[in-house]
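Please examine the sequence and the model shown below before reading on.

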Amino acid sequence: KGVGDNTDIVEKEMYTLKTKGGDKLVMRPEGTAAIMRSYIEHGMGSLPQPIFLYYSGPFFRHERPQKGRYRQLYQFGLEIIGSEKAVLDAISIQTGYQILKETGQEITVKINTLGDIEVRKEYLKILKTFYKKNIKNISPKDVARLDTNPLRVLDSKEPATVEVNEDAPTIIDNLNTLSKKHFKAVLEYLDAAHIPYEIDNTLVRGLDYYAHTVFEYVTYSEN
């Protein structure tokens with residue numbers, strides 16, 4: 001429930017089943033919820049903060065897999081809990097970057113910000129207004145998302161919506177002072193670590209608890 005009612009995890013990814021005894025189970029689609037449960041159950045909030053944790057193992061997604069992917073996947077994740085310092089965002093990014101560099105591929109980081117809760121709330125209003133003005137030009141699938149998860153429309157892969165999104169208002173242009181300072185600091189840390197990045201205004205996350213920095217790794221090779 002903590003990941004939100006109208007997220008991809010709840011609507012598409014959760015692999016639900018019923019046991020012979022009538023119990024309803026969900027095969028885990030991601031690792032963050034379990035990490036947070038462990039943090040709370042073991043009283044880690046009373047320890048010196050921040051807490052650095054990682055997880056790895058099999059996960060399961062019910063949605064139809066993309067080509068070359070399977071419903072069972074293996075994932076490694078890093079969580080840093082107990083501080084909002086920008087340097088910790090940069091540490092997370094750098095850790096993943098160094099791991100992927102060992103594969104020998106060239107890597108760049110796509111990065112964006114969602115601002116804090118207040119920024120996101122105001123930005124969603126601006127975004128909804130924009131899409132309603134262009135509602136005839138976006139795909140029916142994305143029209144349905146407007147009332148449930150408008151941020152997901154921003155990173156839609158539907159050709160019609162992609163074209164509309166070229167003129168969509170960006171969250172970077174609507175940041176408050178605190179969010180702007182946080183994002184600027186993250187980018188400065190990445191510059192200092194010589195990590196290549198590209199700001200992508202359509203990069204978002206559909207989970208309700210996300211704030212500030214969001215990022216993805218893009219790998220490519222000359223071969």
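Helices (H or I, at least four residues) and strands (E, at least two) are DSSP runs, numbered from the N terminus. The model is predicted: local features need pLDDT of at least 70 and side-chain atom pairs count only at pLDDT 80 or more, while totals for chains, interfaces and linings use all residues. Residues are numbered from 1 along each chain as its sequence is written, and side-chain values use heavy atoms, with hydrogens and water left out.

## The chain as a whole

The secondary structure of the protein chain comprises 8 helices and 7 strands. The C-alpha trace spans about 50 × 50 × 45 Å along its principal axes. The radius of gyration is taken over C-alpha atoms, and the globule rule is 2.2 Å times the number of residues to the power 0.38. For 223 residues, a compact globule would have a radius of gyration near 17 Å; the value for the protein chain is 19 Å, which agrees.

Contact means heavy atoms within 4.5 Å. Among the contacts in the protein chain with a separation of 6 or more, 67% are between residues 24 or more positions apart. Accessible areas come from the Shrake-Rupley method with a 1.4 Å probe; for residues, only the protein chains shown count as cover. The protein chain exposes about 14,200 Å², of which carbon and sulfur atoms supply 52%. A residue is termed buried under 20% relative accessible area, exposed over 50%, and partly exposed in between (1.4 Å probe, protein chains only). Of the 223 residues in the protein chain, 37% are buried.

## Strand β5 and its partners

Two strands pair if DSSP finds at least two bridges between them. Strand β5 (residues 106-113) is mostly covered, with 6 of its 8 residues buried. Strand β7 (residues 213-220) is joined to β5 by 8 bridges, and the two run antiparallel; here I107 has T219 of β7 as its bridge partner. Strand β6 (residues 197-199) is joined to β5 by 3 bridges, and these two run parallel. In β6, E198 stands opposite K110.

I199 also belongs to strand β6. Leaving aside residues up to four places away in sequence, I199 touches I111, I172, F183 and L187.

## Aromatic rings

Rings of Phe, Tyr and Trp (its six-membered ring) pair if their centres lie within 6.5 Å; planes under 30 degrees apart count as stacked, over 60 as edge-to-face and the rest as tilted. A search of the whole structure finds 4 aromatic pairs. One of them joins Y55 and F59: the ring centres are 5.8 Å apart and the planes stand at 70°, so the pair is edge-to-face. Y55 has 14% relative accessibility and therefore counts as buried. F59, at 0% relative accessibility, is likewise buried.

A charge sits over a ring if NZ of Lys or CZ of Arg is within 6 Å of the ring centre and within 35 degrees of the ring normal. The charged end of R28 sits over the ring of F59, 4.3 Å from its centre.

## Backbone features in loops

P50 lies in the loop between α2 (32-41) and β3 (51-60).

Two residues other than glycine have positive phi values. H194 has a phi of about 60° and lies in the loop between α8 (177-192) and β6. For H212, phi is near 60°, and its place is in the loop between β6 and β7.

## Exposure of selected residues

The table lists further accessibility values.

| Residue | Relative accessible area | Class |
|---|---|---|
| H194 | 68% | exposed |
| H212 | 13% | buried |
| S38 | 26% | partly exposed |
| I199 | 39% | partly exposed |
| E163 | 57% | exposed |

S38 lies in helix α2. The C-alpha atoms of S38 and G21, 17 residues apart along the chain, are separated by 27 Å. E163 is part of helix α7 (residues 159-165). Between the C-alpha atoms of E163 and Y123, 40 residues apart along the chain, the separation is 20 Å.
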